Structures are given as structure tokens and as C-alpha cells.
Amino acid sequence: MASINYAQRQISCKIVYYGCAMCGKTTNLQFIHDHIPARDKGNLVSLATETDRTLFFDFLPLEVETIGGFTTKFQLYTVPGQVFYNATRKLVLRGVDGVVFVVDSQWERMKDNVESLRNLDENLAEYGLGLDAVPYVLQYNKRDLLNTAPPEYIEFLLNNREQRQLSFQSVATTGGGVFDTLNAVCKLVLKRLQEKHG
Amino acid sequence: MNGDDFVLYEEDVEGIQQELARFLSEAQANCALLVHRSGQLVAQSGFTRRLDTTSLAALAAGAFASTEEIARLLGEPEFNVLFHEGTNANIHLCLVGEQAIMVTIFDQRTTLGLVRLCAAETGQRLHQVFARALQRDLSSERAVVGLPTGDLFRQSARGV
């Protein structure tokens, strides 16, 4: 649910990083927060357990001036990935405008990735949406590890809908692919907004 | 976008600001925010300079969403009001219609009872103003949404 505020010349959009537990959602936001100038970001808020597992969500507001003199605010959220937090994941998806689906590239996590994508589609359906309606990109994370599936296999497994989505390989701990992913999903969201209201 | 996008024009923002300012005056509260239930900050009024209102809006929406689920588990339609009492500051959250939350921060200069009373009245008036924006037919609206040619965000050195 995006908003356009003519009085303050602001556009606001919500982007959610989704994926199975420990796939790198929070790491993405932490890297972005650490590597964006202070003028373009707000505080990184993390609601986590004592062991730094996301309990409710992470939140990072970003701001950029886009064409037309409007300031566009992108509010980045992550969801808790552990299976039993599904009710919380649904709450965080409320009003979503774009999704980054983060994939743990390790072979042994493929089943969890598939389940998480299915879960995303189900939870979007609770808001009358689905993966066909919400702009999203895929991020194949942890490409630095040894036991990773080839990107082609992950594409076959997860990017097999009628409309293929943009995908990026990443190493979120060191930042590889993080900003490419962020820029891609933000542009997709703006493009959709432009198609609707431009 | 999920079809619930909304556009706020100057008259909407002015109307909301007027209601919030009036509420602060009547309730003797420190500041008030109007927050969409998705976590977006719509408007703010009062002493907000030292507050991270963006984060507060996201957290308030999260808290409300969480209690909505608790209410459902208990068989309640919803909890309309949340209140947290602190040592120096208190926070009161109440629903404005179905899509927004009004967040009020107040201290010992006023009372919870007065804040609740004024918030209930203001909430009804705010709902009318905000509902107009939410229900606006956007099919004929043309907003200026530009697409940048380059990257929106560039990675900088850590800690810049």
C-alpha cells in the first residue's frame, strides 16, 4: 500500500524481505544500514531474541529523491523466518508494495526455501494478493559457501512461474549483491506505482 | 501495490493537522501521530523533534497488529485501545476507523481519562478526513512518479 502525499511531496512504499530462517534477511538490512549515508536512512530497529533471531521484525527506513522533486521513502522490513512465527509474518506483510525473497543457496535448505515461497504466496493471499500481484525479486544468498546449489537449479526450483522474476546472487555478509537487489526491487515498486498512478 | 494506495492532497493534510493540533490542545498531550496500519507515518503534531517518529509509527503499527491477533485468539473482535504507562511518559494508541492508528504521548500534566475522551472524539473526526483520502477514486488521478535512470541507492563506505 503506497501513499503519495502531494502536500509534503512524498511517496512512501513498503518492502519486505522474506525467506526461511537464517537465510540472510536481517543481514541484508544490517549491511544496507551500515553502508548508506546517514542523510538517506533512519534508525535500524530490530525486534529480536537474546540470540539475535528476529522475533517480530527488523525495520529500516530509507529515503531518496526521485524524479519530479518527490522524496520517496522506502520502508524495509524483514520477517521472522522460523516456521512457528507464521502469524507474525502475516502481520508484517500488511500493506506490502514489494518483496525481496532471500534464498539460502545451500543444498540442504532447498526444501525450506520452497516451503517459504509457498508460505509467502499463502500469506499474501490473506490480503487478497499473491506473487502474481506484488513486485518481487529473488536473491540467491550465501554464494560464498561450498555446498551451494547452482543458480540455474535454484532458478528452476523457485523462479518457475509464468513471469520470470529478476534474480541476484549475493553474499549478504560482505555485501555482494545486496545493493543490486535493493535497487532492483525499489525500481520495480516505483514502476508499478507509475503504471498505476503516473 | 495492493489497490489500497492512497493520495493525500494539501487539504487532507491540513485537515488532519488541524484535528491533531486541536486534540493536543484539548488533551494537554505532548504529541500525536496518525499512522496507517501498515506502519506508515501519515501525520504528526506537537513536540516530536526528539522522537524518531518513523520508527515509532512502525512499532506502533506492529504492536497494534500483534494485539489484533491476540484479540482474535481470545474471541474478541479487536482491542480498540492500547495504553502503556511509563515513569515519565505514557503512550496511548487507538484505532481511527479501520485503517489508521492515533498515537498519543503524554505525561503527568494530563490524565489518561482526558486523553481517552479526547482521542475518541478526535478519532471520529480524523476518520472522516482520512477515509476521504483512502476512498478517493484514483483512476483519474495522475501523480508525478518518476523512474530514475541510475541506481537509487549506492553503497558507500561503512559508517559514512
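**Core, helix and interface**

Modeller: Keep in mind that this is a predicted model. The largest nonpolar core has 100 residues, and the members that touch the most others are A:Val16, A:Phe101, B:Leu34, B:Val35 and B:Ile101. Helix H5 of chain A, residues 178-197, gives this core its largest share, 10 residues.

Biologist: What does A:Val16 touch, leaving out residues up to four places away in sequence?
Modeller: A:Val16 touches A:Tyr77, A:Val79, A:Val92, A:Leu93, A:Val96 and A:Val99.

Biologist: Back to H5(A). How many residues does it have, and how far does it reach?
Modeller: H5(A) has 20 residues and reaches 29 Å from first C-alpha to last, close to the 28 Å expected at 1.5 Å a residue.

Biologist: Which residues in H5(A) are buried?
Modeller: Among them are A:Val178, A:Phe179, A:Leu182, A:Val185, A:Leu188, A:Val189 and A:Leu193. A:Thr181 and A:Arg192 are buried too.

Biologist: And what covers those buried residues of H5(A)?
Modeller: The cover includes helix H1 (25-34) of chain A, along with strands S2 (10-18), S5 (71-78), S6 (98-104), S7 (136-141) and S8 (167-169) of that chain.

Biologist: Okay, switching to the two chains. How many residues of chain A are in contact with chain B?
Modeller: 51 residues of chain A are in contact with 41 residues of chain B. On the side of chain A that touches chain B, the elements giving two or more residues are strand S1 (3-5), S2, S4, helix H2 (86-92) and H5 of chain A. H5(A) provides the largest share of that side, with 12 residues.

Biologist: What classes of residue make up that side of chain A?
Modeller: By class, the side of chain A that touches chain B has 26 nonpolar, 17 polar and 8 charged residues.

Biologist: Where do strands come into it? In which sense do S1(A) and S1(B) pair, parallel or antiparallel?
Modeller: S1(A) pairs with strand S1 of chain B, residues 6-8, in the parallel sense, over 3 bridges. A:Asn5 has B:Leu8 in S1(B) as its bridge partner.

Biologist: Let me zoom out. What is chain A built from?
Modeller: Chain A has 5 helices and 8 strands. Along the sequence they follow the pattern β-β-α-β-β-β-α-β-α-β-α-β-α.

Biologist: What does its radius of gyration say about the overall form?
Modeller: Chain A has a radius of gyration of 16 Å, which agrees with the value near 16 Å for a compact globule of 198 residues. Along its principal axes, the C-alpha trace of chain A spans about 50 × 40 × 30 Å. Of the 198 residues of chain A, 52% count as buried.

Biologist: And how much of the contact in chain A comes from residues 24 or more positions apart?
Modeller: Such residues account for 69% of the contacts in chain A with a separation of 6 or more.

Biologist: What about A:Met22?
Modeller: A:Met22 also has a positive phi, near 65°, and its place is in the loop between S2 and H1 of chain A. A:Met22 counts as partly exposed because it has 17 C-beta neighbours inside 10 Å.

Biologist: Now chain B. How many residues of strand S2(B) are buried?
Modeller: 6 of the 6 residues in S2(B), residues 31-36, are buried. B:Cys31, B:Leu33 and B:Val35 are on one side, with B:Ala32, B:Leu34 and B:His36 on the other.

Biologist: Which strands does S2(B) join up with?
Modeller: S2(B) pairs with strand S3 of chain B, residues 41-46, in the antiparallel sense over 5 bridges. Another 6 bridges join S2(B) to strand S6 of chain B, residues 100-106, and these two also run antiparallel.

Definitions and conventions: Residues numbered from 1 in each chain as written. Chains lettered and ligands numbered in written order. Predicted model: local features only at pLDDT ≥ 70, side-chain atom pairs only at ≥ 80, totals over all residues. Core = buried A, V, L, I, M, F, W, Y, C linked by C-beta atoms within 7 Å. Buried ≥ 20, exposed ≤ 12 C-beta atoms within 10 Å, placed from the backbone. Helix = DSSP H or I, 4+ residues; strand = E, 2+ residues; numbered from the N terminus. Contact = placed C-beta atoms within 7 Å. Expected span 1.5 Å × (residues − 1). Nonpolar A, V, L, I, M, F, W, Y, C, P; charged D, E, K, R; others polar. Pairing = 2+ DSSP bridges. Rg over C-alpha atoms; globule rule 2.2 N^0.38 Å.
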